[in-house]
Amino acid sequence: MSSADPAISVRGLSVRRGGRDVFSGVDLDIARGRVTGLLGPSGCGKSTLMRATVGVQLGVSGEIRVLGLPAGSRALRRRVAYATQSASVYDDLTVGQNLRYFARMLGAPRGDAERVAALVGLEPQLRQRVDALSGGQRGRVSLGAALLGSPEVLVLDEPTVGLDPVLRAELWELLRGLADEGAALLVSSHVMDEALHCDRLVLMREGGIVADTTPDELLSSTGARDPEAAFLAVIEARS
Ligand SMILES: Nc1ncnc2c1ncn2[C@@H]1O[C@H](COP(=O)(O)OP(=O)(O)OP(=O)(O)O)[C@@H](O)[C@H]1O
């Protein structure tokens with residue numbers, strides 16, 4: 001496949017959860033070298049869509065290909081990273097031990113644990129146990145684990161939750177750098193202002209995509225002052 005092909009291609013995605021359809025017939029392409037924001041209110045299906053793209057969601061029908069392979073393929077394990085909303089690291093290990101453990105599991109290069117700790121601003125905490133970290137710091141350990149091995153595709157579910165404004169700005173800068181190096185990033189948020197950090201915006205509501213746009217286009221097409229007002233204008237125009 002060529003570098004112009006989408007990193008993630010979703011066709012006719014339907015997902016059934018708890019006896020009801022969360023999605024039916026969603027199509028979506030996610031490009032390389034871009035930060036694509038998946039934005040929408042709580043419960044609209046952002047996490048479900050992300051879980052489907054990394055192959056861990058049950059009840060999925062349709063076709064999802066990632067880097068040309070079926071979502072969840074074993075061959076994608078080192079090429080695709082997924083960070084969930086809840087920190088998935090070991091509480092009773094230090095930051096360094098967690099990162100070195102996951103680095104070994106992935107076959108990441110020597111020194112990668114220290115590299116990602118610096119990227120997520122956790123170098124001073126390398127020897128600290130995870131259960132002694134703040135919520136935002138724990139989230140950054142998970143994010144660091146997702147960055148190990150320099151994956152080509154990063155699927156990050158609400159990575160800025162619990163971060164103060166300074167850390168949030170640093171995180172967006174980090175994500176931008178990864179996209180500039182060619183990675184495909186799919187990043188969810190329910191905070192509409194975060195839309196401004198993305199190259200492309202996929203706005204969702206109740207299991208559907210209501211707009212596939214860019215921050216500039218969203219603001220100019222709606223004439224709204226900020227992304228939140230623009231999102232409301234998009235919803236209103238559709239109802
Ligand atoms: N374990 C589950 N079983 C059944 N239905 C579920 C389950 N988890 C989520 N759902 C439903 O699927 C829909 C989409 O949920 P999802 O978690 O994908 O939304 P979200 O946009 O990521 O929300 P949030 O921003 O709050 O994380 C919701 O209506 C939710 O009720």
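This is a predicted model: local features need pLDDT of at least 70, side-chain atom pairs count only at pLDDT 80 or more; totals for chains, interfaces and linings use all residues.
Where is the place of Ala31?

View 1. Ala31 sits in the loop between E2 and strand E3 (35-39). The relative accessibility of Ala31 is 26%, so this residue counts as partly exposed. Ala31 and Pro6 are 25 residues apart in sequence. In space, their C-alpha atoms are 4.6 Å apart.

View 2. The UniProt record, an unreviewed entry, places the feature "domain: ABC transporter" at residues 8-231.

**View 3. The shell around the ligand.** The ligand is surrounded by 14 residues. The closest are Arg20, Ser42, Gly43, Ser47 and Thr48. By type, the shell holds 3 nonpolar, 7 polar and 4 charged residues. Two elements, strand E2 (20-30) and helix H1 (46-53), each supply at least two residues of this shell. H1 gives the most, with 3 residues.

**View 4. Polar side chains at the ligand.** Arg20 has an N or O atom in its side chain 2.5 Å from an oxygen atom of the ligand. For Ser42, a side-chain N or O atom is also 2.5 Å from a ligand oxygen atom. Ser47 places a polar side-chain atom 2.7 Å from an oxygen atom of the ligand. Taken alone, the ligand exposes 640 Å², and the protein buries 64% of that.

**View 5. Helix H1.** Is H1 largely enclosed by the rest of the structure, or largely open? Of the 8 residues of H1, 6 are buried, so the helix is largely enclosed by the rest of the structure. The buried residues are Lys46, Thr48, Leu49, Met50, Ala52 and Thr53. Gly55 follows H1 and has a positive phi, near 80°.

**View 6. The stacked ring pair Tyr90 and Phe102.** The count comes to 3 aromatic pairs. In one of them, the ring centres of Tyr90 and Phe102 are 6.1 Å apart and the planes lie at 15°, so the pair is stacked. The cut-off for stacking is planes under 30 degrees apart. Tyr90 lies in the loop between strand E6 (80-83) and helix H2 (95-106), and Phe102 lies in helix H2, so the pair ties together parts 12 residues apart in sequence. The two partners can also be read by accessibility. Tyr90 has 40% relative accessibility, so it counts as partly exposed. Phe102 has a relative accessible area of 18% and is buried.

**View 7. The edge-to-face pair Tyr101 and Phe102.** How far apart are the centres of the rings of Tyr101 and Phe102? The centres are 5.2 Å apart and the planes lie at 65°, so this pair is edge-to-face. Here the cut-off is planes over 60 degrees apart. Tyr101 is partly exposed, at 30% relative accessibility. Ring pairs link Tyr90, Tyr101 and Phe102 into a cluster.

View 8. Ser150 is not a glycine, yet its phi is positive, about 45°. This residue is in the loop between helix H4 (135-147) and strand E7 (153-156). Its relative accessibility is 49%, so Ser150 counts as partly exposed. The cut-off for exposed is over 50%.

View 9. Is Glu158 buried or exposed? With a relative accessible area of 9%, Glu158 is buried. Its place is the loop between E7 and helix H5 (165-180). Glu158 is a residue other than glycine, and its phi is positive, near 50°.

View 10. Asp112 is in helix H3 (residues 112-119). This residue has 6% relative accessibility, so it counts as buried. The cut-off for buried is under 20%. Asp112 and Arg127 are 15 residues apart in sequence. Their C-alpha atoms are 16 Å apart in space.

Note on methods:
Residues are numbered from 1 along each chain as its sequence is written. Side-chain values use heavy atoms; hydrogens and water are left out. A residue is near a molecule or strand if one of its heavy atoms lies within 4 Å of it. A polar contact is a pair of N or O atoms within 3.5 Å; within protein, one must be able to donate a hydrogen and the other to accept it, and residues adjacent in sequence count only if both atoms are side-chain atoms. Accessible areas come from the Shrake-Rupley method with a 1.4 Å probe; for residues, only the protein chains shown count as cover. Helices (H or I, at least four residues) and strands (E, at least two) are DSSP runs, numbered from the N terminus. Ala, Val, Leu, Ile, Met, Phe, Trp, Tyr, Cys and Pro count as nonpolar, Asp, Glu, Lys and Arg as charged, and the others, Gly among them, as polar. Rings of Phe, Tyr and Trp (its six-membered ring) pair if their centres lie within 6.5 Å; planes under 30 degrees apart count as stacked, over 60 as edge-to-face and the rest as tilted. Buried means under 20% relative accessible area, exposed over 50%, partly exposed in between (1.4 Å probe, protein chains only). UniProt positions are given in the numbering used here, feature names are shortened, and annotations may be inferred rather than shown by experiment.
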